[in-house]
Structure formats: structure tokens, C-alpha cells
Amino acid sequence: MRAWLLDEFGGVAALRLREVPDPTPQAGEVILGVHYAALNPADRYLAERQYPAKPPLPHILGRDGLGTVVEVGPGVTGIAVGERKIVLRGDVGVERAGTFAERVAVPVESLVEVPPGWDEPEAAGATLVYLTAYQALTMWGALPASSVVLVTGASGGVGVASVQLAAAMDFTVVALSRSEEKRERLRQLGASLCFDPEESAWRLAVKKALGSRPVDLAIDNIGGALLPEVIDTLGDAGKVSLVGRLAGPVPSFNTAALFFRRIRLGGVAVGANTNTESRAGWQQVLAMLAHTGARPLVDSILPFEQLPEAFARLAAGPMGKVVLKVH
């Protein structure tokens with residue numbers, strides 16, 4: 001089979017398309033013939049050795065994917081050759097070979113059904129971003145339905161998922177995006193208010209639009225110099241769910257900004273979920289999306305041979321998920 005191999009932790013530029021042996025299913029595993037695989041910023045972080053996982057090299061990246069079962073390993077019951085499945089968050093693409101390949105071995109507990117009515121590209125890139133958004137929204141406990149949730153990097157994969165789920169939970173959603181076109185799309189997806197974080201007065205505009213209501217929860221996908229500005233919008237006992245760091249380290253931050261309003265910051269780590277927690281969270285996600293009729297948003301689909309171009313699209317800032325068509 002063909003697979004994109006990472007021979008060294010030198011970033012995604014080190015990926016090479018090679019012929020490698022087909023995987024063999026071990027006990028409790030199946031082999032998926034991959035139809036579609038989706039990209040995530042965490043794939044790039046792992047390739048740059050900025051991720052806790054240190055898989056043996058050469059490694060195959062790719063945490064998301066959909067395919068057909070082509071082989072079943074010893075001890076596997078309830079799954080037959082020919083069934084379509086999607087990959088639920090687990091070790092695939094992290095500590096073990098991932099979905100940027102024509103075939104991938106997946107433990108049966110890391111497989112879930114394709115949701116009714118979803119097309120294959122939508123389903124292929126859904127599980128990781130929606131589980132991440134769900135954890136970001138629920139990790140602090142139940143929030144009142146009147147809560148205000150601010151999402152940075154709202155047009156990315158986790159950003160779109162956060163906007164959709166927060167809207168499904170009846171929160172007032174404030175979305176940040178630099179593009180007017182994307183801000184309009186985010187309004188259609190459920191954002192009540194949209195602002196450009198590069199406008200110097202965006203915080204004042206948020207406070208004016210909300211009146212006496214502060215932001216209760218921020219889901220931050222960006223980091224960098226934007227994070228202190230986001231914290232400024234929070235009210236008493238406000239919370240920040242930290243998802244990503246696309247803008248890099250926070251350059252300067254006075255922790256006194258947290259004291260008197262009792263602000264809490266917490267990291268989102270879907271990899272810390274047990275399989276039971278991930279499956280339960282996924283069912284909650286599906287119920288919320290079914291309630292509102294929301295579907296995953298796919299920005300672009302690129303051929304398998306164009307994985308470098310797909311990573312370039314991811315870095316440029318997509319509107320939703322970037323997906324690779326494997327076969």
C-alpha cells in the first residue's frame with residue numbers, strides 16, 4: 001500500500017509518499033481501507049516534536065478517517081468485512097500508524113458508525129474536533145443556558161464545532177475571525193455576534209454588544225497575544241478552555257488579570273479521555289447536532305498525493321475541515 005511516512009521529527013515537510021507493507025490485524029483489530037482522512041493541527045505539532053507522543057519512526061500521521069473494513073483480526077465479533085466505519089479518538093495516528101495511508105489497523109473500540117445522512121468527507125473529519133469542542137464546553141460543569149461563550153479561531157475545525165455545539169446548548173455565541181466572509185458563514189452556523197480580532201477596538205465592541213453581560217466562557221484556539229485580550233472580556237468567575245496555540249506562546253501576560261475576577265484557565269486534552277468517555281461524548285455530540293440539524297463543515301478535499309498542499313491549506317486558515325481523499 002501507499003502511505004505518507006514521517007522519517008524524522010522535522011515537520012510536515014519531512015513527509016514522504018512511499019510503498020509499505022499492508023498492515024496485519026492483531027487480536028481485537030480490523031483493517032480499514034481508508035476512503036477519506038482529515039488533517040488536524042495536532043498532526044503538525046507531532047511532526048515538529050511539539051506533542052507529548054513520541055511514536056517510533058517511521059511514523060504514519062492521521063487521527064481522523066473513514067473507510068471500509070477489509071480484514072478482521074482474531075477475536076473480533078460484531079464487525080464484518082464490507083462495513084463502513086469512522087475512527088474515534090484513540091492511539092491511531094498518535095502512538096500507532098494513522099490514516100494517511102491506504103490501509104490502517106484500528107482497534108475495534110476505536111470505531112464508530114457513520115451517522116445517518118452524513119456524507120463520507122463530513123464523517124471522516126468529525127470525531128476529534130467535536131469531541132474537543134464538547135470537552136471545552138463541558139469541562140467546567142454545566143453552564144446556565146444564558147451563558148455567553150466566545151470562540152477564537154472560530155472558522156477552524158474545532159472553532160466551527162464549538163460554535164455549532166454552543167448554539168445547540170442555547171448559549172450566546174461570540175465568534176472571532178479575521179475574514180468578513182467567514183464571519184458571515186459563522187453567523188449562519190449559529191454565532192450571535194462576530195468580530196475581527198485584528199480590529200483594535202474589538203473588545204470594546206464585544207462589551208457594547210453584550211451590554212451588562214460579560215463573557216462566561218472562552219474557547220481559545222489561538223493563544224499568542226490574543227489570549228490576554230480574550231481574558232479581558234471575561235466576567236467574574238469567567239473561564240478559558242485552552243485548545244490550541246496557532247499564534248504561538250503568549251508574549252507577555254500579567255497574572256494579576258486573573259486574581260480579582262477569579263478567572264480560571266484549563267487545558268483541553270481529549271487524549272486523556274477513556275474510550276468509554278469518548279464514546280459517551282460522541283453520542284452527546286450526535287444528539288445535539290441532530291437536534292439543530294447541524295452538520296460538519298468541510299473546507300476542501302484534496303487528493304491523497306497532495307498531503308503537503310493539504311497541510312498548506314490548513315496553515316492558511318480553512319473554513320472547517322481539510323480532508324484528504326485516499327481512495
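The lining of the largest pocket draws at least two residues from each of helix H1 (41–47), H3, H4, helix H10 (307–316) and strand S15 (321–325); helices here are DSSP runs of H or I with at least four residues, strands are E runs of at least two, and numbering goes from the N terminus. This is a predicted model, where local features need pLDDT of at least 70 and side-chain atom pairs count only at pLDDT 80 or more, while totals for chains, interfaces and linings use all residues. Residues are numbered from 1 along each chain as its sequence is written, and side-chain values use heavy atoms, with hydrogens and water left out.

The largest pocket comes out at about 1300 Å³. Its lining counts 50 residues, with Pro41, Tyr45, Asn221, Gly244 and Leu246 closest to the centre. (A pocket is an open set of points on a 1 Å grid over the protein atoms alone, fitting a 1.4 Å probe, with protein on both sides within 12 Å along at least five of seven lines; lining residues have an atom within 4 Å of a point.) A volume is the space filled by probe spheres set on the points, joined across faces, edges and corners. The second largest pocket holds about 220 Å³, and 15 residues line it, with Arg89, Gly90, Asp91, Gly271 and Asn273 nearest its centre.

As for H3 (residues 127–138) and H4 (residues 157–168), their axes (lines fitted to C-alpha atoms over the stretch in contact, with angles from 0 to 180 degrees between N-to-C directions) come within 8 Å and cross at roughly 55 degrees.
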